[in-house]
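Biologist: I'm new to reading protein models. Could you walk me through a few features, one at a time?
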Amino acid sequence: MNFERIDRETWARKDYFNHYFKSVPCTYSVCVKLDITRVRESRQRFYPVMLYAITRIVNRHPEFRTTFDADGNLGTYDSMLPCYTVFHQETEQFSNLWTAWTDDFAAFCRAYEEDLAAYGQAPGMSPKPGLPENNFPVSMIPWISFEGFNLNIQTGYDYLLPIFTMGKFYCENGRWLLPFSIQVHHAVCDGFHTSRFLRELQELLDQFDNGF
């Protein structure tokens, strides 16, 4: 994990960052329906497939890896890893787990299964220790299919990384659709970047054949 600091004075995005971070603090969310038919028709477990696909696109583009480090420096991580929720039916509570990133799909799925076996039944909000700084949040609400979703975070105007939320998928006209929300900070991510992310994510899912 490397963190490259940004020189705000020479940064090409300086004016946009100052406007949407200082003058008019602004976050926004977009909700779409992803076609996950190829994933549903595969033999793969759904959640790690989506975690892998989301993280792979996040790691393509710096606007989704730009944030503040622990010392308050603005910069970009060279790679990110997902921090995701798992639900405990017996307590009706969730835990946050994380899995180290690798571009190797099979290796990532194995690591996910190992993390789930080791910590998936453990109580508490963060049972797996050592969460690295270069993480972004992913969650799923598998009980409802939503048309829109956003998080109202009190300190959200200081949080630059993307937040992803998935809903209950369903079948329509023979295709499986997944409500998918992405929430970003306008200081680092414009509508163009969000649109490109969603397009590339759908393209990746369309290529799925029991692996990427």
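This is a predicted model: local features need pLDDT of at least 70, side-chain atom pairs count only at pLDDT 80 or more; totals for chains, interfaces and linings use all residues.

Biologist: How do I read that: is Arg-45 buried, partly exposed or exposed?

Modeller: Buried means under 20% and exposed means over 50%, with partly exposed in between. At 42%, Arg-45 therefore counts as partly exposed.

Biologist: Which side chain does Arg-45 meet in a salt bridge?

Modeller: General idea to begin with: side chains of opposite charge can pair when their charged atoms come close. Here, the side chain of Arg-45 meets that of Glu-113, at 2.8 Å from N to O.

Biologist: How many salt bridges does the count come to?

Modeller: Nine. Among them is Lys-33 with Glu-147, whose closest N and O atoms are 3.1 Å apart. That pair links distant parts of the chain, 114 residues apart: Lys-33 is in strand β2, and Glu-147 is in the loop between β7 and β8. Asp-35 and Arg-175 also meet in a salt bridge, at 3.1 Å from N to O. Asp-35 lies in β2 and Arg-175 in strand β10, so this pair ties together parts 140 residues apart in sequence. Asp-35 is buried at 18%, whereas Arg-175 is partly exposed at 38%.

Biologist: Now helices. What should I look at in α3?

Modeller: An α-helix has 3.6 residues a turn, so residues three or four places apart point the same way. Helix α3 covers residues 46–58 and reaches 18 Å from its first C-alpha to its last, close to the 18 Å expected. Twelve of its 13 residues are buried, so α3 is largely enclosed by the rest of the structure. The buried ones include Phe-46, Leu-51 and Val-58.

Biologist: And sheets? In what order do the three strands of the open sheet come?

Modeller: In a regular strand, side chains alternate between the two faces of the sheet. In this open sheet the order is β1-β4-β3, with antiparallel pairing. β1 and β3 are the edge strands, each pairing on one side only. Three bridges join β3 to β4, and Phe-68 has Leu-74 in β4 as its bridge partner.

Biologist: Which strands run parallel to β7?

Modeller: β5 does, joined to β7 by four bridges. β8 also pairs with β7 in the parallel sense, over three bridges.

Technical notes:
Residues are numbered from 1 along each chain as its sequence is written. Side-chain values use heavy atoms; hydrogens and water are left out. Two strands pair if DSSP finds at least two bridges between them. Helices (H or I, at least four residues) and strands (E, at least two) are DSSP runs, numbered from the N terminus. The expected span of a helix is 1.5 Å times one less than its number of residues. Buried means under 20% relative accessible area, exposed over 50%, partly exposed in between (1.4 Å probe, protein chains only). A salt bridge is a side-chain nitrogen of Lys or Arg within 4 Å of a carboxyl oxygen of Asp or Glu.
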